[in-house]
Amino acid sequence: MSEKRLLLLDGHSLAYRAFYALPVENFVTANGQHTNAVYGLASMLINLITSEKPTHIAVAFDVSRKTFRSEKFADYKANRSSSPDEFKSQSEYIFKLMDAFNIKRFALEGFEADDLIATLAKSAEKKGFQTLICTGDRDAFQLINESTTVLYPKKGVADLARMTPEAVVEKYGLTPKQYPDFAALRGDPSDNLPSIPGVGEKTAAKWVVEYGSFENVIKHASEISGKVGESLRANLKHVLLNHELTHLRSDVKIETNIDNLSWAGINSQETKELFDLLEIKALKDRLKNLTGESEPIKAIPKTQNKKTTIKNFDEIDGIITSPVAVDLEYQEGKILSYAIALQNGDSYLVKSDRFGSWLSDSKIQKYMHNSKKYLHRQVIEGIVFDTELAAYLINPGTRSLSLNDLSEKYLGESLGNADELFSDFSTVGAESILKLVPILQKELAEREMEKLFLDLEMPILEILGKMERNGIAVDKDALLKEVEYFNAIVQSETKSAYSCAGHEFNVNSPKQLQAILFDSLSSFQKTILFRTRNPLRIEYIHSKLNLSFYGNLWLLPRHP
């Protein structure tokens with residue numbers, strides 16, 4: 001293997017793969033910026049660089065759909081829909097990701113990314129490089145040889161097929177050099193290149209193997225018998241154009257020298273700033289796998305501040321000052337021990353499940369994380385700030401609300417395994433809560449959410465905790481009357497829908513409703529059905545909620 005390894009990336013191809021591999025609704029910042037394409041692409045880059053260890057890297061992007069191919073064939077790629085807005089909004093950050101990773105970008109009007117990659121690959125081949133091309137476009141298979149391998153995503157962004165000359169022969173029965181000949185005869189639906197009616201992949205591959213090349217297939221087209229031969233001869237014009245368009249250009253004038261593509265590692269500061277901006281935390285620790293100046297999140301020192309372990313809970317009442325950050329060791333519904341952190345920097349670990357009077361003293365302000373979980377089992381008064389609730393309010397779309405996630409994001413510190421089950425419980429959680437509160441308070445103020453948080457969310461959190469601890473009661477008779485009332489509405493509206501349709505059907509079945517609306521009804525009838533169709537779905541509450549009878553009340557069960 002050559003010491004020089006060049007990794008070439010098809011930017012848009014991989015970004016689209018990432019976009020469609022990860023659910024867009026699960027990757028969004030507090031400001032509504034979607035990030036799934038950036039996240040998936042960053043994850044792929046980390047994997048590729050870690051496993052392949054390239055010495056040189058470059059990425060190529062398409063500029064627009066107007067290229068020399070579209071000038072020759074106006075319908076080239078015309079079947080492709082425009083990019084979703086959620087993807088377009090990430091383009092700027094995809095470029096910034098490449099810059100932060102110190103990967104040189106290339107794009108040239110009139111050419112596709114594939115042509116730039118082909119040019120760079122051929123140049124690298126002449127200089128003795130081993131080249132890896134990562135792309136989801138099979139046209140790149142024609143570039144494969146003993147020094148050039150294509151890493152082709154089979155599924156999502158993680159599963160890559162290593163396409164070598166042997167792999168191409170095994171899959172298609174063709175050499176990489178013959179691949180564009182095969183593609184021209186087969187046509188390419190993804191690029192809107194017309195196929196020959198009646199000629200599929202097997203027939204196209206058979207012709208290329210039998211005659212040796214595209215030129216020989218055309219030369220002997222008159223000898224090919226049957227309907228497929230007739231079809232080939234009738235579509236020669238399209239086939240010849242396909243052949244011209246499927247060949248990649250390797251002579252594009254690119255203002256660079258392959259040696260200038262050397263990769264020295266990521267720019268750790270730019271990468272951290274970008275990840276913070278896009279609220280990408282899960283990948284931060286993986287950056288340490290890359291060469292260069294990557295700077296993993298620091299762990300909180302174990303000897304920070306004054307820390308004391310107390311076995312007698314009675315000592316705590318004389319120590320507590322307001323406000324106090326509280327972290328509980330909570331396993332299988334039981335409190336095993338707890339930690340507190342004070343604003344003077346002292347913190348204490350109490351090896352007991354018993355508390356002094358301070359916990360129920362509403363005058364002592366308490367900061368906690370996910371306090372509702374504890375309110376379920378324990379009477380706690382005076383909770384004025386919940387870091388999980390504040391973080392959720394700031395970014396309701398995030399999935400990363402654990403204390404460790406917030407500590408990494410806002411403090412640049414990792415709790416290690418301090419917030420995980422069966423780990424050694426310590427004071428670091430309480431200390432992190434204490435440090436997070438002023439930061440989250442500032443974010444809430446900047447978003448004008450202080451009043452919402454303090455006057456609505458925190459009081460409701462306390463109410464919900466008490467409801468889960470005590471249970472709630474409902475009036476059975478009143479509830480059953482509501483059930484009867486809404487059931488009558490549903491039955492009436494359902495009958496109206498049957499009348500419009502002319503027969504009965506399952507109004508809750510999207511498939512049946514689609515058939516009625518689009519196959520059976522006139523425009524007027526659709527309007528009537530939509531006006532009479534009531535979307536309410538009434539469940540039999542007394543059976544669904546597992547209510548227990550108590551006097552003339554139905555009592556909801558406590559949460560486990």
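Author: Start with exposure: buried means under 20% relative accessible area, exposed over 50%, and partly exposed in between (1.4 Å probe, protein chains only). This is a predicted model, where local features need pLDDT of at least 70, side-chain atom pairs count only at pLDDT 80 or more, and totals for chains, interfaces and linings use all residues. Residues are numbered from 1 along each chain as its sequence is written, and side-chain values use heavy atoms, leaving out hydrogens and water.

Reader: Which class does Ile460 fall in?

Author: Ile460 is partly exposed, because its relative accessible area is 36%. Ile460 sits in helix 18 (residues 450-470). Helices are DSSP runs of H or I, at least four residues, numbered from the N terminus.

Reader: What do I call a salt bridge?

Author: A side-chain nitrogen of Lys or Arg within 4 Å of a carboxyl oxygen of Asp or Glu. The count here is ten salt bridges. One of them pairs Asp251 with Arg249 at 2.8 Å, N to O. Arg249 is partly exposed, at 30%.

Reader: Which residue does Lys272 pair with?

Author: Asp276, with the closest N and O atoms 3.0 Å apart. Both lie in helix 13 (residues 268-277), four residues apart, about one turn of the helix. Lys272 has a relative accessible area of 43%. For Asp276 the value is 27%.

Reader: How far apart are Asp455 and Lys451 in helix 18?

Author: Four residues, so about one helical turn separates them. Their salt bridge has its closest N and O atoms 3.0 Å apart. Asp455 is partly exposed, at 48%. Lys451 is exposed, at 63%. Elsewhere, salt bridges with shared partners join Arg5, Glu52 and Arg162 into one network.

Note on methods: Helix = DSSP H or I, 4+ residues; strand = E, 2+ residues; numbered from the N terminus.
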